[in-house]
Amino acid sequence: MTSRYRSNVPANSLNPRRRTVVKAAAATAVLAAPLAAALPARAADAPVFLHGVASGDPLPDGILLWTRVTPATDAVPGSGLGPDTEVSWTVAKDKAFRAVVAKGSLTATAASDHTVKADIRGLTPSTDYWFRFSAGGTDSPAARTRTAPAADASVTGLRFGVVSCANWEAGYFSSYRHLAARGDLDAWLHLGDYIYEYGTGDYGTRDTVVRQHAPTHEILTLADYRTRHGKYKTDADLQALHAAAPVVAIWDDHEFANDAWSGGAENHTEGAEGTWTARQAAAKQAYFEWMPVRPAIAGTTYRRLRFGKLVDLSLLDLRSFRSQQVAVGNGSVDDPDRTITGRAQLDWLKAGLKSSDTTWRLVGNSVMISPFAIGSLSADLLKPLAELLGLPKEGLGLNTDQWDGYTDDRRELLAHLRANAIRNTVFLTGDIHMAWANDVPVDAGTYPLSASAATEFVVTSVTSDNLDDLVKVPEGTVTALAAPIIQLANRHVHWVDTDRHGYGVLDITADRAQMDYYVLSDKTKADATSSWARSYRTRTGTQKVERTYTPV
C-alpha cells in the first residue's frame with residue numbers, strides 16, 4: 001500500500017526521526033560483511049540455494065522458473081561478488097524426479113545478482129509439475145508448480161490465493177504459510193508491495209520493529225534493492241508459498257518508493273537521493289532479477305494471462321505511466337490530461353476486455369478503483385483515517401493515489417464496460433491495508449440508482465499497518481466505529497474491515513466468483529493461526545457483490 005500517512009503530510013510526521021539519506025556508493029561495502037556473517041555455516045565456496053525457488057506466470061504449455069544461487073560466502077545479494085556458476089534445472093511429473101520431462105542449464109553471474117530464470121515450454125496444460133535447481137553438486141529444494149489450462153479448455157473451477165502489502169519489520173508472513181498449506185491453489189496473486197523501501201523503524205510497526213530488515217537504511221541503489229529482495233526471500237513462509245504454487249505478481253509503489261509516479265515519488269528527494277530515473281531503473285532491474293515475472297510490455301508488469309475458457313487475467317502497472325498525484329480536494333483529479341494507466345495501457349486494457357471470450361475477466365489492480373468518499377467523521381476517527389489515506393484532516397475528500405485521483409481514466413474504462421455490455425469484470429486489489437467487497441458504480445453519486453459496471457475484491461495487508469495499528473487500539477475497535485460510516489457514505493461498499501491482517505482465496509466457477517477472506521491471530525507471532533472471516537461473491541451477469549456464508 002502506499003503509505004497514506006506519508007502522503008500530504010511531512011515525511012517525519014509519524015516518526016520523530018527523519019528518514020536517513022544514504023550515500024549509495026557506500027552501500028555494498030557496508031552490507032557485505034554482516035550479511036555474509038548471517039549466512040548458515042557451510043563449506044567455503046560451495047554453491048548453496050539460500051533464497052528458495054519459485055515459479056510464475058503459468059502458460060498452458062509453460063512456466064517460468066526462478067532461483068538465486070550463492071556461489072561463495074561473500075557473494076551475498078547486492079555485493080556484486082562471486083564467480084560465474086552453472087545452474088542446472090530439472091522438471092518432472094513427480095516429486096521423486098523419476099519422470100523427468102525437461103532439463104537444461106543456465107549461468108548465474110554477478111551481473112544478474114546470481115539469479116536465474118528458466119522459461120520452460122513444451123509442457124502439458126493443467127498439469128502439476130515438480131522442479132529443482134542444482135549447482136556444484138548441491139540441489140535446491142524441490143517445488144511444485146502448475147501450468148494453465150489450454151486456451152480453449154472448458155474449466156470447471158480455478159482457485160487463487162490473493163495477497164498484498166508485506167512489511168518485513170511489522171511482523172511475520174504467516175499468511176503465506178497458511179496459503180502454502182492449503183495445497184489446492186492453481187496459482188497465487190501478489191497485488192503489489194512485495195517489499196518496502198523504508199529504513200528500519202521508518203514505516204508503521206506499532207512502534208515496535210518485530211524483525212529488522214536489510215539494509216537498515218532506505219533503499220536507493222541497485223545494490224540496496226537487491227539486498228532487500230534477498231532479505232525477503234530468506235523468509236521461510238514466503239519460500240514455502242513459492243514452493244507450493246506459481247505466483248502472478250504486479251508491483252505497486254513500495255517496490256520503488258512511496259506514492260511513486262512516472263517522474264518521482266513522495267518518498268524520493270531528487271538530488272540528495274540521486275535521480276528518480278536511476279532509482280526507478282535500479283528498482284525495476286532488481287524486481288525482474290528477483291521475481292518469477294516475465295518482463296512485459298515496455299518492460300513493465302502489465303500483461304495478460306489466460307486460464308482456459310473460464311478466466312483471463314489482465315495485470316496492470318499503475319506506477320510507471322501515471323501523472324503525479326494532486327492534493328486531496330483539487331479539482332484537477334478530473335483533468336482528462338492526467339492518467340493513472342497511460343494512454344497505451346488503458347487502450348490495451350479496454351481492447352482486451354472487449355475481445356475476451358472467457359466467462360470471467362479479472363483485473364489485477366494495485367490500487368482501489370471503487371470510489372471512496374468520507375463525509376463527516378468525528379475528529380478521533382478522522383485523524384488516523386486521514387493519516388492512512390492521505391485525506392485532509394478538516395474533512396472528507398478522496399485518496400488521490402487511487403483511481404479517485406484520476407477520474408477521467410476511471411470514467412472512460414467504466415463507460416467502455418457499459419457501452420460494450422462487458423460482463424463479469426472483477427477487479428482484484430491490494431494497497432489499502434483493509435479488506436473490502438465493492439460494487440464498482442458508473443456514478444457513485446447516484447448509486448444504487450446508477451448501474452454497477454463491475455465488482456471489486458480488496459484484500460488486506462499481510463503485515464503492513466492498518467487503522468487499529470495506527471491508532472494503537474485493540475483489533476476490531478476502529479472497524480466497529482468506522483465501517484458503518486464508510487458504508488453510509490459509499491453505498492456501493494458491501495463490507496470493509498479496517499483492522500485485520502490476512503489474505504484472500506478467490507474461487508471461480510462458471511456461475512460465480514467468490515472471495516473468502518481470512519485473518520491472522522497476531523501478525524507479530526511467527527506461529528500465528530488463521531481463521532475465516534467472511535465471504536463475498538458476484539454471480540455471473542449481475543455485476544454486483546453479495547454476501548455468502550460458507551467458504552469454499
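Trainee: How do you describe the way the axes of helix α3 (residues 222–232) and helix α5 (residues 276–290) cross?

Mentor: The two axes come within 8 Å, and the crossing angle is roughly 35°. Each axis is a line fitted to C-alpha atoms over the stretch in contact, with angles running from 0 to 180 degrees between N-to-C directions. Helices here are DSSP runs of H or I with at least four residues, strands are runs of E with at least two, and both are numbered from the N terminus. This is a predicted model, where local features need pLDDT of at least 70 and side-chain atom pairs count only at pLDDT 80 or more, while totals for chains, interfaces and linings use all residues. Residues are numbered from 1 along each chain as its sequence is written, and side-chain values use heavy atoms, with hydrogens and water left out.

Trainee: Is the crossing of α3 and α5 left-handed or right-handed?

Mentor: α3 passes α5 in a right-handed crossing.

Trainee: Which residues of α3 and α5 meet?

Mentor: On the α3 side they are Leu-222, Tyr-225, Arg-226, His-229 and Gly-230. They meet Arg-279, Ala-282, Ala-283, Gln-285, Ala-286, Tyr-287, Glu-289 and Trp-290 of α5. Contact means heavy atoms within 4.5 Å. The residues of this contact divide into seven nonpolar, three polar and three charged. Here Ala, Val, Leu, Ile, Met, Phe, Trp, Tyr, Cys and Pro count as nonpolar, Asp, Glu, Lys and Arg as charged, and the others, Gly among them, as polar.

Trainee: What makes the link between the side chains of Arg-294 and Asp-119 a polar contact?

Mentor: The two side chains are joined at 2.9 Å. A polar contact is a pair of N or O atoms within 3.5 Å; within protein, one must be able to donate a hydrogen and the other to accept it, and residues adjacent in sequence count only if both atoms are side-chain atoms. The side chain of Arg-294 also reaches the backbone oxygen of Asp-57, at 2.7 Å. Beyond four places in sequence, Arg-294 touches residues including Leu-59, Ile-63, Phe-288 and Arg-303.

Trainee: Which residues touch the most other members of the largest nonpolar core?

Mentor: Phe-173, Tyr-176 and Trp-188 do, in a core of 41 residues. Such a core is a set of buried Ala, Val, Leu, Ile, Met, Phe, Trp, Tyr and Cys residues joined through side-chain atoms within 4.5 Å. α5 gives the most to this core, with six residues. A second, separate core of 33 residues includes Leu-305, Leu-315, Ala-437 and Tyr-517.

Trainee: Which residues in α2 are buried?

Mentor: Ser-174, Ser-175, Tyr-176, His-178, Leu-179 and Ala-180 are. Among the elements that cover them are β9 (158–163), β10 (187–190) and β23 (530–539).

Trainee: What makes phi of Asp-259 worth a comment?

Mentor: Phi of Asp-259 is near 50°, a positive value in a residue other than glycine. Most residues other than glycine have a negative phi, and most peptide bonds are trans. Asp-259 is buried, with a relative accessible area of 4%. Lys-472 also has a positive phi, about 60°, although it is not a glycine, and this lysine sits in the loop between α9 (467–471) and α10 (477–489).

Trainee: Which residues does a cis peptide bond join, with omega about -10°?

Mentor: That bond joins Ala-214 and Pro-215, and Pro-215 is in the loop between β10 and α3. Another cis peptide bond joins Tyr-447 and Pro-448, where omega is about 15°.

Key
A crossing is left-handed if the near helix is turned anticlockwise from the far one by less than a right angle, and right-handed if clockwise. Buried means under 20% relative accessible area, exposed over 50%, partly exposed in between (1.4 Å probe, protein chains only).
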